[in-house]
Amino acid sequence: MKLRTSVVFLLLVTVVAPIVLYTDRLGSFTTPSSSNEFIEDVSTFTLGGDVRPLNLLPQEPSTTLKEPLGVVYLENSSISLSDSDASTRENSRKIRQLTQDSMENQTTLPSTRGDTVEHPHEEESTIRQVTERGLDINQGDITLEKPGVTSLNESREPQNDRNRREEIKNENQSAKTSIKAGTGEPVKKRNDKQNDRTVMADARVRHLKDQLIQGRVYLSLAATRNNPHFIRELRLRMKEVQRALGDATKDSDLPKNSYDKLKAMELTLAKGKQIQDDCAAVVKKLRAIIHSTEEQLRAHKKQTLFLTHLTAKTLPKGLHCLPLRLTTEYFSLNSSEREFSNQEKLEDSRLFHYALFTDNILAAAVVVNSTVSRAKDPSAHVFHLVTDRINYAAMRMWFLSNPPGNATIQVQNIEEFTWLNSSYSPVLKQLSSPAMIDYYFKTRPAESDSNMKYRNPKYLSVMNHLRFYMPEIFPKLNKVLFLDDDIVVQKDLTGLWSIDLKGNVIGVVETCGETFHRFDRYLNFSNPLISKAFDPHACGWAFGMNIFDLEEWKRQNITEVYHSWQNLNRDRQLWKLGTLPPGLITFWNSTYSLDRSWHVLGLGYDPNVSQKDIERGAVIHYNGNLKPWLEIAIPKYRSYWAKFIDYDHLYLRECNISP
């Protein structure tokens, strides 16, 4: 009996006493309400004799726990101990209950923004620690991110426990990504709200700008101007809004008091609305302002058009100086030095002949240089230049001192064409009449002239009409390529002589891509002579690069057709003066359409010509007033023309001609 009593006593001392001891220390903790939440933290562990606090829960320095035996690992959403001792397992269970209860109490937060937090400091600390410095579950291990804290890893773990732990980790990570800390709001829903705020980011900036516009309107109204108190208040509010707005482009750039300024301005504008409520009067005044502005715009456009045409008619100083300088040099030459070489080629119909009628020496040089530079065999090309008496010597001197390689040059004076007189050509008779001279040279206000573009004195020049006398100028040639002086050649043109015109007189590039390039744009179809003979919707075409079959010209007696229509138009009732309208009439039903790539137009008036069209064009044409040798030229097109001029030439430097 005594032996049994001793054994029971020893059992009480060795087994029951530790249980009572631990139960007494842990008795103040309660069992968590849920066993399915995963462990985020434990309060403290005593490892290696040192008390090391973990980083999530508020510390209790007076309470420490002994190091549990065995290896800690996750099992069924709780911390278990692998020791077989029942007391140790019980202690582990109580530690798990302690941690779950603490986490439940401290991480239970309001589900909506409107709820208040009972312990804001604890909430902020918990959220920050959980989201930033909390435990990181990585490959099934519990790792403490704070430096110096020992990690609790498992070394002996059953396969089923490991799989279960992986499932718990995935569920917890999914929960973290789907629930926003402190709000319980799904991330997607929060992102949508952020996007809405982004779309309306500058709403306040726009509102402030609108208020300034409304304020200026009220300052201009008679009713509000008569209220000095309101005007003073409005001006003050406008200054405040302007200071608040500054250079801001989005709401984040605005100062903190911008909302107060906005509300104050709204109240002031509401007062203005009460003072001036006659919307009809405001609308009437705004319409009057718009009408006045439109009238000013039309007047400025007319003035701009007039000045542009005036500039196009003038000759720059450099281009006036150049012929004077060249003429002086020409008359200093001996008679033998004034002759061109290869003159025997001038009437050889087997060669490629070009006709160029101009008084612009620099422009003629560009046409010849660009053509020769692109020619496969320059020696087979012959250029026939016709100019007036004033520029004849200068033109010859330029090409004598700057010969175009192996090409042949002929320069003629229009005065040498004795057959071209007013008795033979009706257009010469018309051009010399006092009425015509008055039309072109009499000064008129810009706004009173509706046909200003037709009043260019170049139309008075006989050289402009020489294109209608090709067979008379070149009686021994079969085909001639006519070139204007405002073109640049970019490809070899010899292929034009091999084109079969199919019995037509002239090869042209049609320009009917736009409505204003049709016949009704150039001819007066209200006149029965025009309406009966032509189609108003027929395609127009362009002078500037045209191949002429002179044999077919003579056969169809085209020159006589031209004269007959010129006689009918003596009072300018069929078309306004120029060369294209009579050209459309004269060569009606005698044109052959060439591919558009042969002749690209618009570089003298259209800044939107396609770069692709320019690059593939055989000839580019600066038709219009913005000629490449004028300062008003379109800058991006000038280089195509300027690269064929040597600006370092002595004559050009002396006359201050520069790119």
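1. In which helix does Leu550 lie? Leu550 lies in helix α19, residues 550-556. Helices (H or I, at least four residues) and strands (E, at least two) are DSSP runs, numbered from the N terminus. Leu550 counts as buried, at 0% relative accessibility; buried means under 20% relative accessible area, exposed over 50%, and partly exposed in between, with a 1.4 Å probe and protein chains only.

2. On the basis of the note: this is a predicted model, in which local features need pLDDT of at least 70 and side-chain atom pairs count only at pLDDT 80 or more, while totals for chains, interfaces and linings use all residues. Residues are numbered from 1 along each chain as its sequence is written, and side-chain values use heavy atoms, with hydrogens and water left out.

3. The surroundings of Leu550 come from another part of the sequence. Leu477 is 73 residues from Leu550 in sequence, yet their C-alpha atoms are 7.2 Å apart in space. Contact here means heavy atoms within 4.5 Å. Apart from neighbours within four places in sequence, Leu550 is in contact with Met470, Pro471, Phe474, Leu477, Asn478 and Val480.

4. The chain as a whole. Its secondary structure comes to 24 helices and 15 strands. The chain has 659 residues, of which 42% count as buried. Among contacts with a separation of 6 or more, 72% are between residues 24 or more positions apart.

5. Helices α8 (residues 228-245) and α9 (residues 258-275) pack with their axes 9 Å apart, at an angle of about 150°. That makes the two helices, α8 and α9, roughly antiparallel. Axes are lines fitted to C-alpha atoms, for helices over the stretch in contact, and angles run from 0 to 180 degrees between N-to-C directions. Angles under 35 degrees count as roughly parallel, over 145 as roughly antiparallel, 65 to 115 as roughly perpendicular and the rest as oblique.

6. The crossing of α8 and α9 is left-handed. A crossing is left-handed if the near helix is turned anticlockwise from the far one by less than a right angle, and right-handed if clockwise. Residues of α8 in this contact include Phe230, Leu234, Met238 and Val241, and those of α9 include Ala264, Met265, Leu269 and Ile275. By class, the contact of α8 with α9 has nine nonpolar, three polar and five charged residues. Ala, Val, Leu, Ile, Met, Phe, Trp, Tyr, Cys and Pro count as nonpolar, Asp, Glu, Lys and Arg as charged, and the others, Gly among them, as polar.

7. On α12 the contact is made by Ile361, Ala364, Ala365 and Val368; on α13 it is made by Ala394, Met395, Trp398 and Phe399. This contact of α12 with α13 has eight nonpolar residues, no polar and no charged ones.

8. Helix α13 is mostly covered, with eight of its 10 residues buried. Among the buried residues of α13 are Tyr392, Arg396 and Trp398. The elements they pack against are α11 (317-330), α12, β8 (381-387), β9 and α24 (650-654).

9. Gln412 lies in strand β9, residues 408-413. Gln412 is buried, with a relative accessible area of 13%. Not counting residues up to four places away in sequence, Gln412 touches Leu385, Val386, Thr387, Tyr392 and Phe417.

10. Two backbone angles may be checked. Most residues other than glycine have a negative phi. Lys502, in the loop between β11 (487-489) and β12 (506-508), has a positive phi near 55°, and it counts as exposed at 59% relative accessibility. Asn589 has a positive phi of about 65°; it lies in the loop between α21 (580-586) and β14 (591-593) and counts as exposed at 62% relative accessibility.

11. Ser597 lies in the loop between β14 and α22 (611-616). Ser597 and Ala618 are 21 residues apart along the chain, with their C-alpha atoms separated by 6.2 Å. Leaving out residues up to four places away in sequence, Ser597 touches Arg616, Gly617, Ala618 and Val619.
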